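Welcome! Please take a moment to look over the sequence and the model, and then we can walk through them together.

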Amino acid sequence: MNGGPEQRMANVRRLIASANAVYEDRRRFVPAIATATGLTPEGVELGFGYLERSASDRDLRTLVDGAGQVKRVHVVLSANVFVAPLRALALARAAAAVVTIRPSPRDPILTRELIERAADSSIAIVDERDVAAIEADQVHVYGNDETIDAVKARVRPSCVVRAHGAGIGVAVITRAADAGTASKALAPDVVAFDQRGCLSPRVVVVEGDDVYAESVASALYDELESWGKQVPRGALLPDERAAARRWLDTLSFGGRVWSGAHDVVALAPTGAPLMLPPPGRHVCVAAAASLQEAAAWLAPAARFVVAIGTDDPTRVAQFVPPHARLSPLGRMQCPPLDGPVDRRERP
């Protein structure tokens, strides 16, 4: 198979060393990644800061223990977050003696650089698009529901699919928090990758009344505007622009909207259901009288919640779905390298 736990951890460390080499040479790749992803060069520079370049022995052992062991894994990547290939490769290499990977055709740059610098003969890039032609015991697929369904429909009958689909991040700000301090901590979590990743917070639930929620929304808008001057938002895709217009039109009736050149923050009307904004630095803020009420309001979307950030992890922990990651505000984009970012697995 793939050796014992120590050998498998060593295989992952080799990829981490490769990530460090890529990071040191990152400025060479910024223009190409910006073109491929639609992020601005400043957005790419910011994103590189979230590339995993270290991991504790404890986290690596957790990753290895959860990966299982098979002979061959094939990885199908999406293009939402350009640093995602490192974790995907680490999970696959922890599980298998042989790894093949199909990078996103839109954004293959980091995948190719990581593999080249790792110089691990057990990892290879393949251009084959039909997973039925790939020999593998498992396929790890990252993408939207359509991508996942297409892979499941085509894999060989003996192959197991481990799927990680679309998800969102949520921020919970408790009544004890200072609105300005919490917003300052949260803003970079929103800005990173122009909110296209499943860790990116698109919803902020504020424990308190409408006045407090409005103060949070206003402070967050100010912080995002300030970030926009340092890290401008990149180009939105046509479907993102259309979704943003629909969302904004809906929230404009009864809610309050702060709209800038690089971001939009909307305060949802009292009692309104969750209206999920699209990526592109769009944030919906809502008031909840208690954390119990916040959990109930989020319940219809709980299965999509991948990450929760908060000013008070101890209080909020009891309301977090079992699969979701919990972190302080400002740390939502950098979970430990202890397994997949998205701990849900679609059946």
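Is arginine 117 buried, partly exposed or exposed? With a relative accessibility of 29%, arginine 117 counts as partly exposed. Keep in mind that this is a predicted model.

Let's step back to the whole chain. Its secondary structure consists of 12 helices and 12 strands. A compact globule of 347 residues would have a radius of gyration near 20 Å, and the chain agrees with that at 20 Å. Along the principal axes, the C-alpha atoms fill a box of roughly 60 × 40 × 35 Å. Of the 347 residues, 56% are buried.

Now for the charged pairs. The whole structure holds 18 salt bridges, and the table shows some of them.

| Salt bridge | N to O distance |
|---|---|
| aspartate 25 and arginine 117 | 3.0 Å |
| arginine 87 and glutamate 52 | 3.0 Å |
| arginine 112 and aspartate 127 | 3.8 Å |

Aspartate 25 and arginine 117 meet in a salt bridge. Aspartate 25 sits in the loop between α1 (5-24) and α2 (30-37) and arginine 117 in helix α6 (residues 109-118), so the pair ties together parts 92 residues apart in sequence. Aspartate 25 is partly exposed, at 28% relative accessibility.

Arginine 87 and glutamate 52 form another salt bridge. Arginine 87 belongs to helix α5 (residues 84-95), while glutamate 52 lies in the loop between α3 (41-48) and α4 (57-67), so parts 35 residues apart in sequence are tied together. Arginine 87 is buried at 4% relative accessible area, and glutamate 52 counts as buried at 13% relative accessibility.

Note on methods: Residues are numbered from 1 along each chain as its sequence is written. This is a predicted model: local features need pLDDT of at least 70, side-chain atom pairs count only at pLDDT 80 or more; totals for chains, interfaces and linings use all residues. Side-chain values use heavy atoms; hydrogens and water are left out. Helices (H or I, at least four residues) and strands (E, at least two) are DSSP runs, numbered from the N terminus. The radius of gyration is taken over C-alpha atoms; the globule rule is 2.2 Å times the number of residues to the power 0.38. Buried means under 20% relative accessible area, exposed over 50%, partly exposed in between (1.4 Å probe, protein chains only). A salt bridge is a side-chain nitrogen of Lys or Arg within 4 Å of a carboxyl oxygen of Asp or Glu.
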